[in-house]
Amino acid sequence: MAYNMGLPVFNVVKSCFCTCPPKYNINPYLGRCAHNCLYCYAIKFPSFIGPTVPRLKLKEEILKMVKKTRLRLPVMLSDSTDPYQPLEKEYKITRRCLEVLANYGFPLLIVTKSDLVVRDIDIFKKTPTVVSMTITTNRDDISTLIEPNAPKPDARFSALKKVSEEGIPTVVRVDPIIPTINSDGQDLESIISRASRIGVKQITVSTMKVVKGLLPAIKRVNPALSWKLAKIYSDGEWIGGYKYLNKDLRLSILENLKNLAHKYGLEFATCREGFPQLNTAICDGTSYCRGSLNKFLNAK
Ligand code: SF4
C-alpha cells in the first residue's frame, strides 16, 4: 500500500446499483474470512481467498495515511472480511486501527457478524460510530448451514443490544436473503421484531447475488443446495459481474421486508438492488453519524 496515499476510498460500483455515499474502507485481515459464509462475494477477489492473514503492520500504515487524509469521511470496517473474526481475539488488528482512527476523529462504520464487537464499545464512544450487525436468520439450523463458523443469531442480537444500550446507533443487515433458504416470512419478521425491541434504528436488506465460482464452491459442500440455487437464479440477470434474481421476485422480497420494517417503526434501506426508491435511509447507516460528518467535511 502506498504510504503517500491517504486512507483507501471505498470502491462504489455504480454499475452494481451501489448507493453508498463516499467513505473509506479498511480490511484488517486478508485471505478467506474465517466465518466462511456460503454466499460470500469476497471469493471473487484474489486477496480474499486462501488462509486468513492478519495485517500485522496495518496500524502503522494507517498512522501514516491519516496524516495524508484531509476529509474526515466515515471509515468502514469491512467490506470483504469480518473485522471481528476469531483471529481478532488474539491479534487485535481491528482494535488498534480503530484507536488511531478515533483519535484522529474519523466516524466509524462497523459491519460484522461477531459478538466480539462489544469489546470495542469504549472506542465507539470516542467518535461517531454506527454498528451494523449482519443477521440473515433467527434460526440456528439455517445459520449453521449458510454461515457455518459465525456466531449464532442469539449471540449477535445480545451483542447488538449491549451496543444499543450504550447509545451507539445500530443497524441490522438482513444481507443476503437467499430464496427458499432464509426467506421464510416468519423468520424474517422475527428478526425485525427482535431488532426493534433492542433499539435498532434501521434494517438494510439485500438479495443474494451469485458471483463467478460461488455455485461450484457451494457444490463442494452442499451439491443439493447448489443445484437448487442454479435453478432459482436460472431466469435472473447478470449485472456488473453479479447474477441477480429476476427483477420481479427481487422487488417482491424487498417490498415485503420494507413493509415489515415499517410495521415495527424502523428505517429501511436496500443494498445494491436497483430500487433506491424503497429506501427511507442511507444503506450503510451513515445517516446516524452524518451530523458530525458535515461538521468534519467542512473542517478547514
Ligand atoms: S462474514 Fe462477511 S466476509 Fe466473512 S465470510 Fe461471511 S460474508 Fe464473507
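The views below come from a predicted model.

**View 1. Residues around the ligand.** The shell around the ligand includes Arg32, Cys33, His35, Asn36, Cys37, Tyr39 and Cys40. Ser80, Thr81, Asp82 and Lys113 also surround the ligand. Sorted by class, this shell has 4 nonpolar, 4 polar and 3 charged residues.

View 2. Strands of a sheet pair through backbone hydrogen bonds, either parallel or antiparallel.

View 3. Strand 5 (residues 108–112) pairs with strand 6 (residues 129–134) in the parallel sense, over 5 bridges. Leu108 has Thr129 of strand 6 opposite it.

**View 4. Helix 1 and helix 3.** In helix 1 (residues 58–66), the buried residues are Leu58, Glu61, Ile62, Met65 and Val66. Seen down the axis of helix 1, these buried residues fall within an arc of 125°, so they line one face of the helix. The buried residues of helix 1 pack against helix 3 (93–103).

View 5. Strand 8 (residues 202–207) is mostly covered, with 6 of its 6 residues buried. In a regular strand the side chains alternate between the two faces of the sheet. From strand 8, Gln202, Thr204 and Ser206 point one way, while Ile203, Val205 and Thr207 point the other way. Residues on both sides are buried. Strand 7 and strand 8 pair in the parallel sense over 5 bridges, and Arg173 stands opposite Thr204 in strand 8.

**View 6. The loop that holds Gly265.** Gly265 is found in the loop between helix 10 (247–263) and strand 11 (267–270). Is Gly265 buried or exposed? Residues with a relative accessible area over 50% count as exposed. Gly265 has a relative accessible area of 64%, so Gly265 is exposed. Gly265 and Lys201 are 64 residues apart along the chain, and their C-alpha atoms are separated by 8.5 Å.

How values were computed: Residues numbered from 1 in each chain as written. Predicted model: local features only at pLDDT ≥ 70, side-chain atom pairs only at ≥ 80, totals over all residues. Heavy atoms only, no water. Near = heavy atom within 4 Å. Nonpolar A, V, L, I, M, F, W, Y, C, P; charged D, E, K, R; others polar. Buried < 20%, exposed > 50% of the residue type's maximum accessible area, 1.4 Å probe, protein only. Helix = DSSP H or I, 4+ residues; strand = E, 2+ residues; numbered from the N terminus. Arc of directions from axis to C-beta. Contact = heavy atoms within 4.5 Å. Pairing = 2+ DSSP bridges.
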